[in-house]
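Me: Could you walk me through this model? I'd like to go piece by piece.

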Amino acid sequence: MGFKDFQLKIAKKLRLRNFLAKEEGYKKRETNNGKRLSWMMPITHGYYVAEEKPLGGGAPPQTPQNNQVECDKVVVQREQVEEQEWWFYGVFDTRIGGGVTKYLQTHLFDDNLNESQMRKRSKETLKKAHMHAKAKVRETELEKTWNMGSASAIVINGEKLILANMGEYKVVVCKEGEAFEINRRQQHTTKSHWSHKFLPVVIKRLPKVRRTSSDSGKGAAANKPSKSSELAVGSEKIDRDIEFVILASPGIWEVMKQQEAVNLIRHLEDPQEAAECLAKEALTRMSKSNVSCLIIRFE
């Protein structure tokens, strides 16, 4: 066998291997000077905001000035930072949404920071953005701030997620078909911990994941708001196990559990279709609160 024949056979094997890898859903991510290009991680999104009055007889919040029904604010923003692609997504109570977005724009995206500085500051800046917006609302509404909330996410170059939620708004990550709320994923894992081998009886008595208002009761009646605007911020590395992220308002979580929401839309590859399906299901179940959701899918 000549050298040219050997090269030809090697080339055919490489093409076959690459073809099979694509068929299995694996997408090779090439780099440029060690940095992943933005288009190497396809990111799609879809959102739905229900403008109609909930079927349960309740109504979305009203503005104090004119008593007009206020729908949630949904934000989708893309920023190019040197060779990196940044996405900011949010589902907000209208009172807080503008404040969060403006703070991030001023203190992160428009602050002339380089890639490294932005990555280091992103989590803390997202936290400060929510706290700043919350403080601004308190200056005018005082005791009415308990029920405001938000669910937001920053996607950094398809590699990292920075997530935040406040109040009854929730961010839920679907990883290998399982639903995880931010800052609580570490408490619920399919991998065995070393302590399980030595303390099986004790571990059995402990819950695998901390229950939230959307998981703790039977039916919507048991899911009463906690009247808390507590802020939770977390980060997550994006790998091939992460399928999609749900950002949603209280109208979703008061009528369905987090795993239930994931199971409902997991088979839908189009995030817009998934967002509409989730929102319409909440309306069908007679949700009494604002129904809004945004789906981020990683391919």
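**Loops, sheets and helices**

Reply: N112 lies in the loop between helix 2 and helix 3, where helices (H or I, at least four residues) and strands (E, at least two) are DSSP runs, numbered from the N terminus. This is a predicted model, in which local features need pLDDT of at least 70 and side-chain atom pairs count only at pLDDT 80 or more, while totals for chains, interfaces and linings use all residues. Residues are numbered from 1 along each chain as its sequence is written, and side-chain values use heavy atoms, with hydrogens and water left out.

Me: OK, and what is the phi of N112?

Reply: The phi of N112 is positive, about 55°, although N112 is not a glycine.

Me: Is N112 buried or exposed?

Reply: N112 is exposed, with a relative accessible area of 77%; buried means under 20% relative accessible area, exposed over 50%, and partly exposed in between, with a 1.4 Å probe and protein chains only.

Me: What about E176, where is that one?

Reply: E176 sits in the loop between strand 8 (170-175) and strand 9 (178-181). Its phi is near 55°, a positive value in a residue other than glycine, and E176 counts as exposed at 52% relative accessibility.

Me: Back to those two helices, how do helix 2 and helix 3 cross?

Reply: The axes of helix 2 (residues 94-109) and helix 3 (residues 115-141) come within 8 Å and cross at roughly 140°; axes are lines fitted to C-alpha atoms, for helices over the stretch in contact, and angles run from 0 to 180 degrees between N-to-C directions. The crossing of helix 2 and helix 3 is right-handed, a term used if the near helix is turned clockwise from the far one by less than a right angle, with anticlockwise being left-handed.

Me: Which sheet does helix 2 pack on, then, and what is the strand order there?

Reply: There is an open sheet of five strands in the order 4-5-6-7-10, with antiparallel pairing, and two strands pair if DSSP finds at least two bridges between them. Strand 4 (73-81) and strand 10 (231-237) are at the edges with a single partner strand each, so one side of each has no neighbour in the sheet. Helix 2 packs on this sheet, touching strand 4, strand 5, strand 6 and strand 7 (160-166), and its direction makes about 160° with that of strand 5; contact means heavy atoms within 4.5 Å. Helix 3 packs on the sheet as well, touching strand 4, strand 5, strand 6, strand 7 and strand 10, with its direction at about 10° to that of strand 7.

Me: How many bridges link strand 5 and strand 6?

Reply: Strand 5 (residues 84-92) and strand 6 (residues 150-156) pair in the antiparallel sense over seven bridges, and F88 stands opposite I154 in strand 6.
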